[in-house]
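Student: Hi! I have a new structure open and would like a friendly walk through it. Can we go step by step?

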Amino acid sequence: MTDQLLPEFPEHDEEYRAGFVSFVGRPNAGKSTLTNALVGEKVAITSSKPQTTRHTIRGIVHRPQTAQSPGAQLVLVDTPGLHRPRTLLGSRLNDLVIDTLSEVDVVGFCLPADEKIGPGDRFIAGQLHKLPHKPVVALVTKTDTIPRSALAEQLIAVDQLGREHLSGEGQQAAGFSAIIPVSAVAGEQTDVVTDELIAMMPKSPPLYPSGDLTDEPERVMIAELVREAALEDVRDELPHSIAVTVEEMLPRPGRPEDKPLLDVHATIHVERNSQKAIIIGRGGSRLKQIGSTAREGIKKLLGTPVYLDLHVKVTKEWQRDPKKLNRLGF
Ligand SMILES: Nc1nc2c(ncn2[C@@H]2O[C@H](COP(=O)(O)OP(=O)(O)OP(=O)(O)O)[C@@H](O)[C@H]2O)c(=O)[nH]1
């Protein structure tokens, strides 16, 4: 291997900080949007439908070393929302989240500014209490949606939530380590979030090469893009019944070097025949639309034109069957 092929790590000295942060919060709290805003590129999948972020997707914020700043790397681990489990998939997801959280340096608890604190938030706060000595920063998201006076009230309520759940035995400090209002959409206070999180990272050499925005395998991101496309405009009950696997991803042989084409074969798994019919649509029209939306996303992600071959398959009861869940990557 020549030196050119080795990944380049950012310059650093002993003051450099690097570590992991994970955002939690109930469905639709704004975790993925905030991840994207901090990283500055679309890595996590956002959707207006709740509970669509299933995989652990990392984005990396790089702060280069300058005369003013020692430089830092913030690795964002995006998790599904913690919620009361109702199915095997639900409890697997919660386990996955707890596992992830026990390994990160800081947890960012996203609480939307425009929704009253409810049982879902208290459930999550109760879960976080199980992780003693873990700093938790409250991120009050979507501040652009409410007037300042309402925000002040929400900040007080959030502070109260932290004091009720995150104090007591084993907890170093009472309540949240910090409470930061932020709007990912308006770009307000996103720098403050980054600064605050970086300050809480341990001193460490860089963990990833420069410019590496995500280490999520492309295959999983492609599956997520297909899933996101399939979720557009479908009925409310359908989202939980869709999973996507990427069967094969190969460069088309014999293409000229400057005109590559990637062949992608993917399967959309649903639970029932009726759902299959919805996904395929009249005369295959919906599937065609899903294909072209997903293809655009994949092309943007990889910078290569793609030929996307999509199949729809009924995998009965995949949410309740551990073997099938494993095969679908959960
Ligand atoms: N106005 C406004 N809307 C936001 C903001 N952040 C997120 N949203 C919207 O809130 C909805 C949910 O945002 P997501 O980032 O997908 O939320 P999430 O917490 O990742 O959701 P799950 O994947 O369901 O866990 C989307 O429609 C976003 O566009 C914000 O700062 N301002």
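Student: How many helices and strands are there in the protein chain?

Tutor: The protein chain has nine helices and nine strands. Helices (H or I, at least four residues) and strands (E, at least two) are DSSP runs, numbered from the N terminus. This is a predicted model, where local features need pLDDT of at least 70, side-chain atom pairs count only at pLDDT 80 or more, and totals for chains, interfaces and linings use all residues. Residues are numbered from 1 along each chain as its sequence is written.

Student: What share of the residues is buried?

Tutor: Of the 330 residues in the protein chain, 34% are buried. A residue is buried if 20 or more other C-beta atoms lie within 10 Å of its own, exposed if 12 or fewer, and partly exposed in between, with C-beta atoms placed from the backbone.

Student: And what about contacts between residues 24 or more positions apart?

Tutor: Those pairs account for 71% of the contacts in the protein chain with a separation of 6 or more. Two residues are in contact if their C-beta atoms, placed from the backbone, lie within 7 Å.

Student: New topic: which strands form the open sheet?

Tutor: The order is β7-β8-β9, with mixed pairing. β7 (243–251) and β9 (306–314) are the edge strands, each pairing on one side only. From one strand to the next, the twist averages 15 degrees. Two strands pair if DSSP finds at least two bridges between them.

Student: In which sense do β8 and β9 pair?

Tutor: Parallel: β8 (residues 262–270) and β9 are joined over nine bridges. One example is V264, whose bridge partner in β9 is L308.

Student: Which helix lies across β7 and β8?

Tutor: That is α6 (residues 218–231), running at about 130 degrees to β7. Helix α7 (residues 273–280) lies across β8 and β9, at about 155 degrees to β9. Axes are lines fitted to C-alpha atoms, for helices over the stretch in contact, and angles run from 0 to 180 degrees between N-to-C directions.

Student: Switching to loops, where is N28?

Tutor: N28 sits in the loop between β1 (17–24) and α1 (31–39). Its phi is near 70 degrees, a positive value in a residue other than glycine.

Student: Why does N28 count as buried?

Tutor: Because N28 has 21 C-beta neighbours inside 10 Å.

Student: And Q189, where is that one?

Tutor: Q189 is in the loop between β6 (178–181) and α5 (190–199). Phi of Q189 is near 75 degrees, a positive value in a residue other than glycine. Q189 has 19 C-beta neighbours inside 10 Å, so it counts as partly exposed.
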